[in-house]
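Hello,

Here is the structure I promised to pass on to you. Please open it beside this email and look for each residue as you read.

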Amino acid sequence: MEYPVHILIVDDRPDEFLSIQALLAGSSYKLIHASSGMEALKYLLENEYALIIMDVLMPEMDGFETAKRIKMRRKSRDIPIIFLTALTSELENHMMAYSAGAIDYLTKPYHPLILKSKIDGFVRLYQTNKELQFKSQELEAANRVLTELKDTAEVALRIKSGFLAMMSHEIRTPLNGIIAMSDLLRTSDLSKDDQEMAEIIHTSGHALVSVINHILDFTKIESGKMELDYELFNLNSCLKETIDLFRALAMERNLTLESYIDPAVPVLLVGDPNRLRQVLNNLIGNAIKFTTTGGVKIRVQLQTAIDRMLTLEFTVEDTGIGIPQDKMSYLFQPFTQISSTINRKFGGTGLGLSICKMLVELMGGEIYAKPDVGQGAVFVFTIQVSEGQPD
């Protein structure tokens, strides 16, 4: 982008202005002539200038005094000044020029090409600075827009979180009543058909509660409101309690359910066992859901240990349907199933793995899966914990 370039020539002799004008003929510079220091100060209020070329010996107010006054003004203090004078080039004159704020001092007679190269150089510097100012203003404007969008998004997120929290309460209250009544019906003296219908009500109610809980967890993590609760816990007990929740289902489906903890992993740890259980519940539940023969293995290994800070690696491996390579990129995205067929056959909200990813990252780790269609799925995640001390 080209910016208009004004150059102020301050000299009481018109012939000097004409000679500089002839030197710069063909350029796009606009030259302004001031015949005195006072006139120069007036012109500086009217335009923005890229450069000032000024004589020293002038009536009423010389160039040194004029330069000092120019540098005292906020609007003009950064304009470069070149002295072009018949005054001798003694060191004292140079020092006075630089003390007044000039950046160069040329004595007459001067070489025209040297003067032109200096003028062109300062003009390029001026245009570069203007371009940077323009870019800076663009960035500031963009930042203001981004800040406004961010504020709007945060407000929308708070409204969404509040709405979901309110709706979940309103939905879960009657839903808990439905589940409680279905439990009573299941234990009542019902016909076979009625028993089956009560079982469907009971199963569907729990499935709906699970969906609501997933949505709430996702919203809470997404809005940054979920925090870890660090406490001392026993890893063996935590893993056993989690696996025991699935033993009945695994036995019902004739699946094996095995676990192994690396002996190098301390028994007592400091971390958030509830969030760890939540991740394991999702992964083990999915593994059993998508496995018809064989079983599920859970392994815990010590990956790194620095002082008392540990990185643990958890592996959940099944012998189920596996994961296609081309579906890996969708695996941890919210509200996504890797295929509509799987969604129809096995159900689910498409939020479980995305919640696992968020929770694992909240615990300082990462999660990934290994694709292997028909050979089962392998999910691996890590978390950061510290070694615990018994009381």
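This is a predicted model: local features need pLDDT of at least 70, side-chain atom pairs count only at pLDDT 80 or more; totals for chains, interfaces and linings use all residues.

Residues are numbered from 1 along each chain as its sequence is written, and side-chain values use heavy atoms, with hydrogens and water left out.

Let's start with His6, which sits in strand β1, residues 6-10 (strands are DSSP runs of E with at least two residues, and helices are runs of H or I with at least four, numbered from the N terminus). His6 has a relative accessible area of 13%, so it counts as buried (buried is under 20%, exposed over 50%, partly exposed in between, with a 1.4 Å probe and protein chains only). Beyond residues up to four places away in sequence, His6 touches Lys30, Asn47, Glu48, Tyr49, Ala50 and Leu51 (contact means heavy atoms within 4.5 Å).

Next, find Ile367 in strand β11, residues 367-370. Ile367 is buried too, because its relative accessible area is 11%. Its contacts, leaving aside neighbours within four places in sequence, include Leu283, Phe332 and Cys356. Phe314 is 53 residues from Ile367 in sequence, yet their C-alpha atoms are 9.3 Å apart in space.

Is Leu149 buried or exposed? Leu149 has 52% relative accessibility and therefore counts as exposed. This residue belongs to helix α5, which covers residues 112-186.

Enjoy exploring!
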